Amino acid sequence: MTDPTQLLAGYRRDGFVVVPPVTPHEIWGPLTGELPSVLAEAGPQRFFEEDGTTVRAVYGLHRKDGPWRALAEASPLTALARQLIGEDMYVYQWKVNPKAARLGDRWQWHRDFDFWRAADGMRRPAAPTAAVFLDEVTEENGPLRLIPGTHTDRPATAEPPGGTGDEAGDWAWITSSRLAYALPETSTEELARTRGVYEATGPAGTVVLFHGNLVHSSAPNRSPHTRTLALISYNAVSNAPPAGHPGARPDCFVNHDAKPLPAIAA
Ligand code: SIN
Ligand code: MN
């Protein structure tokens, strides 16, 4: 779906849209060549699976130039995200989840906004994420699973679990296979039954744009094929978390510079 009116209508109705690979390969393709060095870079931005050696997530890619910046800030994807947000926006969080062949673990059912509010003090879920497939995603390698329509449900009101400081271990609650704000299985089973579950599969280059309050998850990757997702979360400038939020995540996780991105022609 690429017609802007349809795209917006689908996003408002379901809380997500799947866009075939419209962003040219010249723009997202170079990321795959850069991945090995990004995954190898030690630091608090990098998280491992429970085996302690398989990389699960790398944050802070808003700090990188070249193809990272080109895709997030000046591509057809940027223009799509701007249409969904409908006002000035910036890149809030830019990460890669390289769900490794056979070793990549699940992501429990959750809403991203629960984490962003708790960690950074974000006020509204006005922050869609663009998930760009850097590999082909199939039913076997742990696709994103999305429950349509859940973006308009009331967000949970749990208290922050108290992540503080910038040491690597402190932030595992945002990214481990046991998430701090995982939704209870009983309620998600009921949601999945009544509203259905959409499994986002497709060739490399496919993009899923989903709302910050949408319930989503993914299963472990038991297949011989790695499933790498590039996940760029855009936020409205008017929704930038307030400076000085107690315990807010440092710049190696999220971008604190809410300067609006220049307009890109759709
Ligand atoms: C996420 O919820 O951040 C992504 C989950 C996944 O990589 O499957
Ligand atoms: Mn998520």
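1. Basis of the note. The structure is a predicted model, in which local features need pLDDT of at least 70 and side-chain atom pairs count only at pLDDT 80 or more, while totals for chains, interfaces and linings use all residues. Residues are numbered from 1 along each chain as its sequence is written, and side-chain values use heavy atoms, with hydrogens and water left out.

2. Overall form. The protein chain has six helices and eleven strands; these are DSSP runs numbered from the N terminus, with helices (H or I) of at least four residues and strands (E) of at least two. Its radius of gyration is 17 Å, close to the 18 Å that the globule rule gives for 266 residues, so the chain is as compact as a globular protein of that length. The radius is taken over C-alpha atoms, and the rule is 2.2 Å times the number of residues to the power 0.38. Along the principal axes, the C-alpha atoms fill a box of roughly 45 × 45 × 40 Å.

3. Of the 266 residues, 50% count as buried, meaning under 20% relative accessible area with a 1.4 Å probe, protein chains only. Among contacts (heavy atoms within 4.5 Å) between residues at least 6 apart in sequence, 85% join residues at least 24 apart.

4. Helices H1 and H4. H1 (residues 4–14) and H4 (residues 76–85) pack at an angle of about 55°, with their axes 10 Å apart. The axes are lines fitted to C-alpha atoms over the stretch in contact, and angles run from 0 to 180 degrees between N-to-C directions. The contact is made by Pro4, Leu7, Leu8 and Tyr11 of H1 and Leu80, Gln83 and Leu84 of H4.

5. Cover of H4. Seven of the ten residues of H4 are buried, among them Leu80 and Leu84. Just after H4, Gly86 takes a positive phi of about 75°.

6. Asp14. This residue is found in H1. Leaving aside neighbours within four places in sequence, Asp14 is in contact with Pro148, Gly149, His151 and Leu214.

Technical notes: Chains lettered and ligands numbered in written order.
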